[in-house]
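Please have the structure open as you read.

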Amino acid sequence: MKKLLYITLILGLCATSLGVFYDQLEQKMLPKSSDLLILNMPVDYRPKAIKESYSGPHPAAITRPDETFNFPVALNEVGPVDSLFAGENEYPFLCSTHRSGLGQPLVDNQEKIGISVYGEDEQGNKTKEVVGYSKDCSLPTTVQYYEKVEEEQWFKKVEDLSLLAKDVSTLIRVETGTINRFIYMLALPVSRADLPEKFNGEKWNNRLIYRFKGGVGVGHKQGRVGISKMLYEHEGQLNQGYAIAFSSGTQTSNHYDIWLSEDTALRVKEQFASRYGEPIYTIGMGGSGGAIQQYLLSQNHPGIIDAAIPLYSYPDMVTQVSYALDCELMEYYFDVTSDNDIWQHWPNRSLVEGNNALQDFNNRYGNLQGIAGFLNGDFTMMPKGASQCTNGWRGPSQHINNPYFFSNYYQVSRETLLKVDWSHWGNLSNFYGTHNDGFGKRFWDNQGVQYGLNSLQEDTLTIDEFIKLNKYIGGWKKPVEMENERFWHISGDSSLQRLSLWGHHNMTHSGDKVVAGRSEGSDDAIAAAYKSGLVYLGLSDLPIIDMRHYLDHKLDMHHSLSSFTSRKRIQNAMGNSDHQLIWMVEKDDSVSRRDLLNSLPIEDALRVLDKWLINIKTFPEKSVAQNKPVAANDRCYDSDKHVIDSGATTWDGAWNGEAKGTCMQRFPSYSHSRLMAGDNIYTDTLKCTKVPVAKAIASGVYGDVDMQPHLSELQAVFPDGVCQFNSQANTQVSRVIEAIKKKNRG
């Protein structure tokens with residue numbers, strides 16, 4: 001009876017969050033109608049075609065082909081559908097033109113390929129008549145005007161310019177259309193004298209900001225454009241005269257194909273320049289995956305942007321996946337496999353995970369985990385804390401790794417859904433290659449990784465627990481052996497009782513407490529990741545202001561250490577990192593997500609970069625670093641955007657072996673699982689060099705800890721040896737850097 005009352009109480013406490021979660025699913029995840037259902041793919045398209053891994057030269061050493069499309073795309077005409085050099089189009093392709101407020105896509109076939117396109121009545125409302133289908137989601141190029149609505153602090157479309165108030169403070173010309181099948185948007189401040197057919201440039205300052213956006217995508221999506229939101233976020237820059245360019249093709253929630261991002265960005269810039277004129281310079285700006293694109297594009301195609309403002313940055317997607325896919329393996333061990341109570345005190349999880357973990361902190365989806373446990377008779381599954389793993393990578397890691405998991409499943413017919421590899425590996429199989437079963441090759445590898453090694457060396461993790469952890473943690477099954485996630489309605493599973501936030505059924509131990517095999521990454525896929533430009537090598541020679549709110553204490557996935565990893569790679573590749581500045585800002589908790597960008601010192605950055613870029617144009621004989629203005633320095637800010645400290649040593653810390661500077665003391669960085677396993681700050685090793693356990697013991701891998709009495713146990717856990725890291729950048733990285741430099745010298 002007491003247990004029943006306990007269950008009733010807990011379920012009552014969870015009901016609100018459960019209801020909110022389900023409401024969100026109903027509003028955002030579940031289909032409202034079959035209007036957007038993709039029925040078929042082109043008959044000659046093979047989604048799991050066998051492909052070789054990329055083995056060509058790095059994109060930084062390749063000359064791009066000449067443009068074949070005649071820009072600009074004229075008003076009411078359609079931009080290019082096929083990319084210039086990024087390879088064949090991917091299908092199915094989910095259209096988002098209607099969700100972007102731009103109407104239905106154009107009909108491009110009558111063979112039921114793609115989504116249905118409906119007839120419209122005189123008022124522009126859709127009828128029930130299907131007039132054709134759209135597989136490529138094209139839109140005609142159009143120009144609209146937007147004005148600022150002061151009372152609502154928002155922008156709205158101007159339906160009739162003749163009715164526009166004479167004292168309107170902000171009028172924005174917005175051009176939209178499709179290029180490479182993605183929706184592009186160009187926004188410029190204009191006067192009332194502007195006409196759609198004839199641009200009046202009196203309010204443009206001849207400077208362009210290219211906005212890159214983030215997210216974790218696995219392809220097959222056009223992505224939406226939120227025009228009003230974009231204008232709101234860049235109101236300050238538009239008022240100063242900047243133009244803004246954006247494409248859903250340079251948003252990583254839609255894909256992580258950096259060649260396609262480059263191809264699309266180049267063409268969007270060509271559309272801008274051919275219609276409005278060549279800007280004095282282009283500054284990249286954007287967060288998370290938008291920051292990754294800036295780092296990679298500045299390396300792979302110097303000149304595509306002239307300066308970068310990467311926000312909430314990572315160096316690249318590839319090397320963060322190494323520790324991201326460790327997360328659920330570790331969490332399952334802590335939550336289920338281990339009988340050691342130390343892991344129920346959440347801060348102890350940092351001994352292995354490295355990143356921040358907090359007791360009594362809201363756990364993302366934690367209530368669902370607890371409820372699923374109750375339904376299965378387990379009353380211990382309600383988490384009492386959280387970590388960056390649970391609150392940051394839970395969900396995105398499954399998107400990356402599982403070929404059967406696609407959260408937009410409801411927009412694709414069942415027949416089509418089963419034909420596609422929906423993982424990151426499948427999306428980028430043009431680079432990684434495929435196995436003979438058609439599934440993308442996976443570079444992720446954890447063979448020989450000694451989880452928690454640093455804590456063992458520091459005597460904060462016992463020998464017994466270290467061995468058990470590495471014995472039972474396991475790896476991930478091969479893609480062909482995996483099943484769909486058990487994410488309730490997010491994965492199309494109607495059973496909450498089957499919920500597994502860890503995805504333990506796809507681990508090599510299948511959820512059992514057994515000696516579990518590790519996962520081996522494909523050597524070909526690993527080599528391809530380095531050679532194809534998917535890994536940031538540090539080869540950037542342009543002004544960079546790497547900026548973020550400090551979020552480590554919020555258990556946000558955008559941890560601050562990433563900025564310093566990029567710095568170390570730049571130092572390794574370029575000899576110094578004087579052209580990369582790191583700015584960190586204290587976040588005011590009252591700031592809404594909508595106002596996040598505006599709460600950063602963007603205007604400070606633009607002032608510094610404007611002076612810096614003008615210096616570069618004025619003194620081209622000087623290096624980028626030599627052209628730095630006085631204000632171009634490392635710094636940190638409080639929540640009111642007042643500078644706390646600045647200077648060359650303010651970010652010193654463990655990452656460079658120096659005593660903590662003022663900013664680092666204020667905003668301390670944490671670690672991650674691969675660093676805790678002995679890797680170095682470059683974190684650019686995808687598969688480690690292994691040595692026999694006996695040799696590792698003899699060479700001091702375990703520090704002062706005597707592991708000789710445990711030799712046989714360790715050999716059973718690591719039959720193929722253990723990782724032996726050093727303090728240098730990865731040798732494959734060094735070879736690629738040298739090949740690029742040699743090609744460019746030639």
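The notes below cover the basis of the model, the disulfides and a glycine.

## Basis

This is a predicted model, in which local features need pLDDT of at least 70, side-chain atom pairs count only at pLDDT 80 or more, and totals for chains, interfaces and linings use all residues. Residues are numbered from 1 along each chain as its sequence is written, and side-chain values use heavy atoms, with hydrogens and water left out.

## Disulfides

Counting pairs of cysteine sulfur atoms within 2.5 Å as disulfides, the protein has four. Numbering the bonded cysteines along the chain gives the pattern 1-2, 3-4, 5-6, 7-8.

One of them joins Cys327 to Cys389, with 2.1 Å from S to S. Cys327 sits in helix α7 and Cys389 in helix α10, 62 residues apart (helices are DSSP runs of H or I, at least four residues; strands are runs of E, at least two; both are numbered from the N terminus). At -70 degrees about the S-S bond, this link is left-handed.

Another joins Cys636 to Cys663. Cys636 belongs to strand β15 and Cys663 to helix α20, so the bond ties together parts 27 residues apart in sequence.

## Gly392

Helix α10 (residues 388–393) also holds Gly392. Is Gly392 buried or exposed? Gly392 is buried, at 2% relative accessible area (buried is under 20%, exposed over 50%, partly exposed in between, with a 1.4 Å probe and protein chains only).

Beyond neighbours within four places in sequence, Gly392 is in contact with Arg364, Ser387, Leu555 and Met557 (contact means heavy atoms within 4.5 Å). Gly392 and Met557 are 165 residues apart in sequence, yet their C-alpha atoms are 4.3 Å apart.
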